[in-house]
Amino acid sequence: MWNLDQMSIEGTNKDLPHSPYAGAQDDELTTWGRIQRWNGAHPRLSRTVWIALVIAILALGVWAIRPKPVVNNRFNQGAQPVGVATAVNGPIRITLNALGTVTPLATATVRPQVGGLLTKLYFTEGQMVKAGDPLAQIDPRPYQAALDQAKGQLSRDQANLTNAKLDLSRYQALANQNAISNQQLATQGALARSNAGVVEADQAAVETAAINLGYTRIVSPVDGRAGLHLMDIGNIVQAGQATGVVVVTELSPMSVVFTVPEDNISQVMGRVSQGAVLEVDAWDRSQTTQIASGKLVTVDNVVDPTTGTVKLRAMFDNTDNKLFPSQFVNVRLLVDTLQNQTVVPVAAIQRGAGGTFVFIVSPDKTVSQRSVKLGIQDGDKVAILDGLKPGDTVVVDGADRLRDGSEIVIPNPSQQKIAAPSSGAAGDADRAAQRAKTQAAIAKSCSADITKLCAGQTGPSVRRCLFQNRDSLSAGCKAALPQRRAGGGTGGAP
């Protein structure tokens with residue numbers, strides 16, 4: 001018989017809690033009701049089932065959020081488009097890079113040498129002046145009056161000297177006749193010599209007054225450019241005052257003072273002692289524009305112990321005034337030039353666990369990895385001491401997608417097979433022309449892709465956009481992009 005509080009199972013001593021679904025028929029229960037009735041009938045089994053279900057759900061969640069392994073297929077994409085260059089036999093320049101300051105040979109602060117009222121300024125700010133050109137005028141009237149006074153004093157004393165000399169002549173004649181004593185003759189002689197000394201002092205006073213009068217006209221001491229005027233008309237000036245009237249700076253020729261490490265001094269002095277004239281180039285702060293070219297003229301005679309460097313001075317004509325006083329410049333000192341070197345672009349050099357290597361292009365359009373020994377680097381080209389010979393073709397772009405034995409394709413081989421870039425101003429011009437040419441090729445081959453993927457972007461933004469969307473580009477545009485990088489350097493890829 002069922003009890004409201006608990007029910008007994010016949011034949012056992014087990015008591016089960018009361019379930020509201022115990023007496024209900026299956027068709028009268030919901031799914032959840034059947035589950036609860038089953039749980040009540042099998043408590044241990046239901047607990048095990050629920051725990052297993054929770055573990056399964058957690059495992060499924062972990063599997064869903066776990067990152068999937070990335071399959072690297074960059075070596076399994078068939079023939080790879082690359083840019084190439086040919087190793088050539090050429091010169092390599094040994095240069096030292098340094099930081100320098102443009103230092104004028106003469107900077108003169110024009111100060112007044114006499115005091116007075118400033119009445120005129122003869123220069124305009126920024127004017128080029130010559131040594132001796134008038135710059136300013138101090139009121140000359142007080143100094144003209146002093147000069148006239150000195151001249152009057154000189155005339156009076158000259159007359160006294162003349163009279164004393166005449167008296168001395170008379171006394172000498174009388175002394176010869178024993179008409180006067182020798183004492184009177186000696187006194188007259190001393191008076192004449194005294195008057196002569198007074199005349200000499202008067203002449204010095206006249207010269208001093210004339211010099212002071214000349215100082216009222218202030219002139220430029222050097223050839224150069226006048227700066228901002230430091231005093232105005234109507235100011236009272238004093239001799240030797242700290243503030244000058246104007247500063248004149250010599251601009252041509254111009255020097256650049258720079259420093260090199262003490263370890264390089266023996267190399268530089270070795271060339272100088274042989275009579276070589278070392279070339280020096282001055283570049284702007286970003287090292288993208290060459291400002292001027294000059295010659296090394298002197299090396300300092302002491303090492304600065306605080307920095308371990310030695311100062312050098314280079315001279316530049318600076319007729320175009322591109323070098324400005326106290327300007328910061330980057331200096332490249334050409335120490336020597338090595339001839340007959342095997343030269344390749346720096347972009348061809350790869351680095352790995354085994355050291356430096358390059359990818360050599362074989363006639364069957366495959367590449368082989370070859371270790372090389374590097375020499376001197378000159379800008380964007382480097383000498384190869386061992387591992388290459390002139391005429392070998394090396395990969396300069398797209399090497400990150402290659403391995404030993406990979407197949408390659410060279411878009412536009414006539415343009416891709418380039419020699420190692422030249423250096424100096426001519427090399428810069430060649431590279432600029434090559435960049436312009438390859439940019440035009442990109443614009444032509446990728447015009448539809450630019451309109452589709454990079455609308456509204458210009459300049460470097462277009463190149464970055466193209467490389468970021470490389471997988472979506474047309475075949476012609478993909479072929480042009482490696483050409484752009486090989487021909488123009490690093491100009492496109494982010």
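A residue counts as buried under 20% relative accessible area, as exposed over 50%, and as partly exposed in between (1.4 Å probe, protein chains only). The structure is a predicted model, in which local features need pLDDT of at least 70 and side-chain atom pairs count only at pLDDT 80 or more, while totals for chains, interfaces and linings use all residues. Residues are numbered from 1 along each chain as its sequence is written, and side-chain values use heavy atoms, with hydrogens and water left out.

With a salt bridge taken as a side-chain nitrogen of Lys or Arg within 4 Å of a carboxyl oxygen of Asp or Glu, the count comes to 8. One of them joins Arg 170 to Asp 167 at 2.6 Å, N to O, and both residues belong to helix H3 (residues 141-176), where they lie 3 residues apart, about one turn of the helix; helices (H or I, at least four residues) and strands (E, at least two) are DSSP runs, numbered from the N terminus. Asp 167 is partly exposed because its relative accessibility is 22%, and Arg 170, at 48%, is partly exposed as well.

Another salt bridge, at 3.9 Å from N to O, links the side chains of Glu 279 and Lys 295. Glu 279 lies in strand E15 and Lys 295 in strand E16 (residues 290-299), so this pair ties together parts that are 16 residues apart in sequence. Glu 279 is partly exposed at 40% relative accessibility, and Lys 295 is partly exposed with a relative accessible area of 38%.
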